[in-house]
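Me: Please go through this model with me by question and answer. Keep to what can be read from the coordinates.

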Amino acid sequence: MLDYLYLVEYGADEIDEGVLAELEELGTVLSQVAQGVSLFVLFATVADVDVVASLLGLEEAQVRLLEPDQVRAASPVDAVDALAQTPVLPAANGEDLGPEGMLAMDAAVGPAPEVMRFLDLTHDLLNQIDQAFEVLLRKPDDVDALASLFDAVHRIKIAVGEQGLTDLYRLLGVGEDLLNRLRTRGFGVEAATIEILLDMASLTGEVCSELESDSLPEERDITALVDQLLELAPESEPEQHHNGQADANPPVANPPAKKTTAVKSPIVETNLRVHVRLLDRLMNLAGELVLTRNQLKQVVALGDGAAVERTTQRLDQVTTELQETVVSTRMQPVGNVFGKFRRIVRDIARDLNKDVELVLEGEEVELDKTIIEALSDPLTHLVRNALDHGIETPSVRYEQGKQPTATLLLRALHEAGQVIIEVTDSGAGIDPEKIRAKALSTGNYDASQLNSMGDRDLVRLIFHPGFSTAEEVTDISGRGVGMDVVLTNLTKLGGIVDIDSEVGRGTTVRVKLPLTLAIIPALFVGMGSERFAVPQVNLAELVRVPMRRRQELVQELGNAQVLRLRGNLLPLISLRQVFSDEIVDEEHSGALNVLVLKAGDFRYGMIVDELFDSEEIVVKPLDDFLSNSKIYVGATILGDGQVAMILDVIGISDIKDLEAIEGASAEIEEDIDDLGSDVQELLLVHNHPEEQFAIPVSLVSRIERIHCNQIERTGTRASMQYLGGHLILFSLEDAAAVSSRPETDYLYVLVFTVADHEVGLLVSELVDITSQAVDVSVEGFVQAGIMGSTTISGRTTLMVDLYDLVRRLEPTWIEEHNARYSAESERTILIVEDTAFFRNQLERFVVEAGYRALVVEDGAKALAELERRGDEIDLILTDIEMPEIDGLELARRVRSEPRFAQLPIIAVTSLGGEDNERRGRDAGVDDYLIKIDREQILQTIRHRLGAGSLAL
């Protein structure tokens, strides 16, 4: 058996034909690679290092003992190629390497556990320092901020000393002395002092970054910075530190001696801070899981079917709560990433002679730790790009009539189950014409292609590989490497990157990210007997193409198929085609099930044999031999124990060379369902089998199937245990004059939010989800909880008003909510809507919230009203599809008038999807909302009327 694995290095003067023969006599040569004038050999033997070195006549430094983990993740050739570039460690057996030698050994194979702990600590303390500086810059005499700053510097100094970084320890010690004297003598902190202390913090951050990247810290001359700190010290006798004695020498660590021939690859620790409250909850849920398991085993043994069903429901509930709690332990605030940008922005702005104010919002928003770690580098590049390319110097801004101090905003917020990260600067913006000229000069783009592109598509060229608008190469930008990498890395996280820019006003890069990558919602689809999972973050919509319309909607362009969908042409492939070159699947003799998939900002269709349920799945990583596959991103285990592969939507589009089809066919004017303008996606349900109800899908956040035994009653109120709390349950018959729900074992709960309360509506049956042109009649059917009726598939269907239902049953919730968010009475909103039903609904929403409403039927009348009463109007709430002048044209004309350039415009429409949202933003719409979510509409109105824009 081979006990040792070595990397042997031969110099140029030692290489001859007998080299490998000598090794073969001692063991087995696994692989070899030449690097410059050296030959590196991966070699296995039973002999220890001293025997190998003496028999081959080599120095000990030329023979490195490896751990199997160092080569297990790659082929031997790749392993040797990587390890050959690792520097040989300059120490012999038994010698004390000292702190620098220890760091050198760890740098050769990655940060050691103690270094990782040091980096985690200093990262938190540097954030504490940044926050303290932020306060002191506004309030130089803030005692608490000064104390917090002193505490952080003191703790970093101790940690630095333990790592043996003597120069940095000395610098921090002088800084600590200065801060101690300032806080004990009550001196305010002057701006010049803060600048020097910030330099000290920046240097500390640079050293930590170098350690984190597995390299030795560069040698720095800190004498000038130390002298500056000493000069700033107030006139007084030397102070003793808080422990009563001055630190004479740093507590340099003196670890046991290491043998350089036995360098081991340390296990890199990934630390995660979890609140004790969460651990307690996990323990309780684990106990509940054990009890439920025991109950299940008992009732199965007894053969009690009803008891098995009840226990299984309890097991499902406990498992769901356990899953959500485990996910919450991985969640970290984005402030962990945002915090470092205080120093980065300050340092880069100073180097570029620019005056920039950094604004951070939403630091408490949480993301999975994996995403947080992967988000750091892309965000850093976006911030550096904004500082270098976007923001002008103070003199240029002054000449343009702007405030000399520019604003850089980093904001995080939750939206529709995702986290939105925005990087916004109030700089020069991106000029599409300059992008066009730059692209043309590279020779990589055709002039006719560039001339046909809109402003938004031109701006997105900055994400193409090798594209840069910088006029010269600097340390910050100009190499054409960066924005394409940002897009690629964020897309790998399941993110979507969008960019808005206005010349002279600034740029916003908007990133949409999933909350976690460990447990994700997915749709299961079938191909033959196989099942696959499609992440819902990549799923735009499901389309069913009837047999009678296949020839009309599925066509061939060249050798490819396309799908005609709402005026656009989408590339179309079959899931079977992913695994072969087959274009048409003969098994699709009936209707086609098409997934409309999102690969970044590109969409395409995929035909599948079957559609199954949506589930939350646990993502399992792929083994090494599949790690480079562009078809799969992972796997999951199904309930029956089978493995289902998770499809890589972006990778499939790459390997199949799918490209967006520029423009749309002019003759395509109808939707895939041949629907009218006000199309609503509706959930059809039964309360009683004889009555059908419809609820807008956008208002329902979740659907739960429960057993009637799960319903608890307290007085007249019904509730159920839900996500660790209680969910109040309503029934339609509680408020409306409708038939009562029949007695059934199972019910469905439609979970929705009204007035900041999450509640559930009980129904007996789910019928279908359908897209319909809503023509709601308000005659004869309007009552409590019912807004009107429409006809769907030849059947009268009542439209449920969830807001009114809650208002009738819990009026105090609505009163408290309205009081909390009462509007300013002088605010006036212009409502533009051509459909009478929605026009009345919007007017009621606005008036009930305390605003004044001006109501018109189309864009032409809206422009006339603006001309007549423009000074009174504070916001426009408009539909998109209208006769004469539609909402997009209305927005363009409003924006063309200088006096209305800042007037907020909110679109409330039935046309969803990112393409429609993009067209709305290009036209000048500030927010794009889907009918008819009262809460979201009013929340957006409050935001637009209550929050100002970035200062220019």
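Me: How many helices and strands does the protein have, and what percentage of its residues count as buried?
Reply: The model is a predicted one. The protein has 30 helices and 38 strands. Of its 952 residues, the share that counts as buried is 49%.

Me: How do helix 15 and helix 20 pack, and what is the handedness of their crossing?
Reply: Helix 15 spans residues 369–390 and helix 20 spans residues 483–492. Their axes are 10 Å apart, at an angle of about 145°. The crossing is left-handed.

Me: Which residues of helix 15 and helix 20 meet, and how do they divide into nonpolar, polar and charged?
Reply: From helix 15 come Leu375, Pro378, His381, Leu382 and Asn385. They meet Met483, Val486, Asn489 and Leu490 in helix 20. The residues of this contact divide into six nonpolar, three polar and no charged.

Me: Which residue caps the N-terminal end of helix 24, and which residues of the helix are buried?
Reply: A side-chain oxygen of Asp801 lies 3.3 Å from the backbone nitrogen of Tyr803, and Asp801 caps the N-terminal end of the helix. Helix 24 runs over residues 802–809. Its buried residues are Leu802, Tyr803, Asp804, Leu805 and Val806.

Me: Is Glu810 buried or exposed, and which side chain does it join in a polar contact?
Reply: Glu810 lies in the loop between helix 24 and helix 25. Its relative accessible area is 12%, so Glu810 is buried. Not counting residues up to four places away in sequence, Glu810 touches Arg717 and Phe730. The polar contact, at 2.3 Å, is with the side chain of Arg717.

Me: Why does Glu865 count as buried, and which residues does it touch?
Reply: Glu865 lies in helix 27, residues 859–869. Glu865 counts as buried because its relative accessibility is 13%, and the cut-off is under 20%. Not counting residues up to four places away in sequence, it touches Leu830, Leu854, Gly870 and Ile873.

Me: What is the relative accessible area of Glu176, and which side chain makes a polar contact with its own?
Reply: Glu176 lies in helix 8, residues 166–185. Glu176 is buried, because its relative accessible area is 0%. Its C-alpha is 9.1 Å from that of Leu149, 27 residues apart in sequence. The side chain in polar contact with that of Glu176, at 2.3 Å, is His154.

Me: Is Asn353 buried or exposed, and what is its phi?
Reply: Asn353 is in the loop between helix 14 and strand 6. At 61% relative accessibility, Asn353 counts as exposed. Its phi is positive, in a residue other than glycine, and is near 60°.

Methods
Residues are numbered from 1 along each chain as its sequence is written. This is a predicted model: local features need pLDDT of at least 70, side-chain atom pairs count only at pLDDT 80 or more; totals for chains, interfaces and linings use all residues. Side-chain values use heavy atoms; hydrogens and water are left out. Axes are lines fitted to C-alpha atoms, for helices over the stretch in contact, and angles run from 0 to 180 degrees between N-to-C directions. Helices (H or I, at least four residues) and strands (E, at least two) are DSSP runs, numbered from the N terminus. A crossing is left-handed if the near helix is turned anticlockwise from the far one by less than a right angle, and right-handed if clockwise. Contact means heavy atoms within 4.5 Å. Ala, Val, Leu, Ile, Met, Phe, Trp, Tyr, Cys and Pro count as nonpolar, Asp, Glu, Lys and Arg as charged, and the others, Gly among them, as polar. Buried means under 20% relative accessible area, exposed over 50%, partly exposed in between (1.4 Å probe, protein chains only). A polar contact is a pair of N or O atoms within 3.5 Å; within protein, one must be able to donate a hydrogen and the other to accept it, and residues adjacent in sequence count only if both atoms are side-chain atoms.
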